[in-house]
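Let's learn to read a fold together, one feature at a time. Have the model open as we talk.

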Amino acid sequence: MVDLLRMTDHTDVQSHRAVTRRIADVLFLCVAALGAGALLFLSFPPRTTWFLAPLGIAVLTLMLRGRSVRAGFGYGYLAGLAFFVPLLPWVGVYVGAVPWLALAAIEAVAVALFGAIAALVSRLPLSTVWVACAWVATEAVRSRAPFGGFPWGRLAFGQADGILLPLAEIAGAPGLSFALAVMGTGLAACAIHARTRRWRSSMGNAVLVSIPVLLALSLSPTTAPNRDMTTAAVIQGNVPRLGLDFNAQRRAVLDNHLAKTEQLAADVAAGRVRRPQLVIWPENASDIDPLLNKDAADRIDAAAQAMGVPILVGAVLIGEGNTTLNSAIVWDPVSGPGQQHVKRQLVPFGEYLPLRTVMTAVSPYADQAGKFVAGNGNGVVELNGVPLAVATCYEVAFDDLVSDSVRAGAQLITVPTNNATFGRTDMTYQQLAMSRIRAVEHGRSVLVAATSGVSAIIAPDGTVQQQSQIFTADALIGAIPLRTDLTLATRLGSVPEVALALLVVPAILIAVRRRLRHHSY
C-alpha cells in the first residue's frame, strides 16, 4: 500500500513537472513571437536597421517549424500585433487608441495566416522557399482586402536604406519582400542544420541567403542616360498648428502655400535661384474649392503668373450630392485650371465610410468620416509639357496605381501628401521610404510635396537629394532627370507577386495531404 502511494505521488510530481514544462515552453514561444514582430517593426523608418527584417523572419520561422496549424496561427498573430501596434500609432494620434488598435488587430491577421501556412509547410523539402512565398502571398492579400487593402508595413517598405534596394528595379516591392523573407528562412534553416551538424545542408542554405545580397550588389539601379533634365520646385507651406482642425485652418493653409510660392517667385526674379519648370503643391494645399471660390482662384492665378510656369495644386473640390473630390489640378499661368487627377485610392473610415448604414448604427463617431468620391483614369497629368504620375498620399503604397501611371508615359512621379493630421509621428518617414522604393522600382525621380513635411526630391536610385524638416515652411528646388525607359519591374507589374503567391499553393496541398495521411494511420 505504501509503495502504491509512493508511485502515485511520483506520478503526480511527473505530471506536474510536465505541465510546468509545457507552460514554460508556450510562454517562451509567445515571447519569441513577440520578439520576432518587434524585430520587424524596428527594421522600419525612421530607423535604418533594415537588417532586422530578415532576422525577424528567421526567428518567426524557427519557432513555427513543426507546430500545428492552430499554434502557427496563434503565434503568428502575436508576432503581427508586436509588429503593427508600434508601427501604426499615427492612426490614432488625434482620434484615440481605438482606431489604431483595431487596425493593428486586423492587419495582424495576415501575419497569423502566414504563421499557419509556415507551420504547415515547414517540414517539406525546399521549405525555405515555400515559407518565403507564403509571406508574399499574405502581404498580397492584405494589400487588397478588406476595403481595398492596406499595404502599409509591407516588408519591402522598410528597405530604403538597405543593400537589397536595387532588387526593386527588377521585381518590384513584392520581389524585394520575397528576397528578405528568403534570407530570413534561409538563416533559420542554417541554424537548424548547424545544430544537427548537417553541415552540407547548412552551407546550401547559407548560399541561398547570400544570393539576394550578391544579386543586389551586382545591380546598378536606373543606369539609363539622362537625356532630358528639368528643374522642379516643391512647396511646403506648413500649417498654423497641429491637430485635427486642419480643415478649419484651410484659409491659413492656402495663404501659407501662396506666400511661399510668391517668395520663390521673388527669388527667381531677383536671380537668387533658377526658375523651375515644374511647381508642385501638396495635397490639401487648398481646402477651399478654387473652382467655386473666386478669391482663392484669383490668388492661385496670381501665384502661377508670378512663377511664370504651371503649378500642380492639391485642392478639395465640392462634388455632387454633398460629396467631395481630392484633386490635383494643373493650374496654368495663362489659361488657369486644366487637367486634374482625382485620388483613386481613398482611405476607408477617413476619406469615406464603408458600409455607412451599418457603421453609423454601431458608432455615432463613424459618421464623421468624409464623403470623398474616388476618381479614375491612369493618374497621369501633363505639367508644362511633362507627363507626370500623381500618387496622392495613400496611393503611393499601392503597386498597381504607380505602375499604371508610369506605363502610361509618366516621366517622373509626384507624391502630394498631407501629413498634418498625423503630428510628429513616424508616419511621414514611413511614407518617404515608400516613395524611395517607388523611385528605384520605376527608375523615376520622385517629388514628395507635403503640407507640413517631410517634403523631398528623390533621385531615380532612391537617394534623397533634398529634404525639408517637419512643420517648417520650405521650398525645395532641384534639377531632376526625365525618363521614358521602363524598368523590368514596371514592365512585369504584378506578375512576380502573383507567381510567388501561387507557388505556395501546391506546397500547401502537399502538406495537407501528408498530414491527413499521417492521421489516418
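Q: Which residue takes a positive phi in the hairpin of strand 6 and strand 7?
A: Asn384 does, with a phi near 55°, in a hairpin that has two residues between the strands. Strands here are DSSP runs of E with at least two residues, helices are runs of H or I with at least four, and both are numbered from the N terminus. This is a predicted model, where local features need pLDDT of at least 70, side-chain atom pairs count only at pLDDT 80 or more, and totals for chains, interfaces and linings use all residues. Residues are numbered from 1 along each chain as its sequence is written, and side-chain values use heavy atoms, leaving out hydrogens and water.

Q: How many bridges join strand 6 to strand 7?
A: Strands of a sheet pair through backbone hydrogen bonds, either parallel or antiparallel. Two strands pair if DSSP finds at least two bridges between them. Strand 6 and strand 7 (residues 386-390) run antiparallel, joined by four bridges. Val380 stands opposite Ala389 in strand 7.

Q: What is the strand order in the open sheet of six strands?
A: The order is 5-4-3-2-1-12, with mixed pairing. Strand 5 (336-342) and strand 12 (474-482) are the edge strands, each pairing on one side only.
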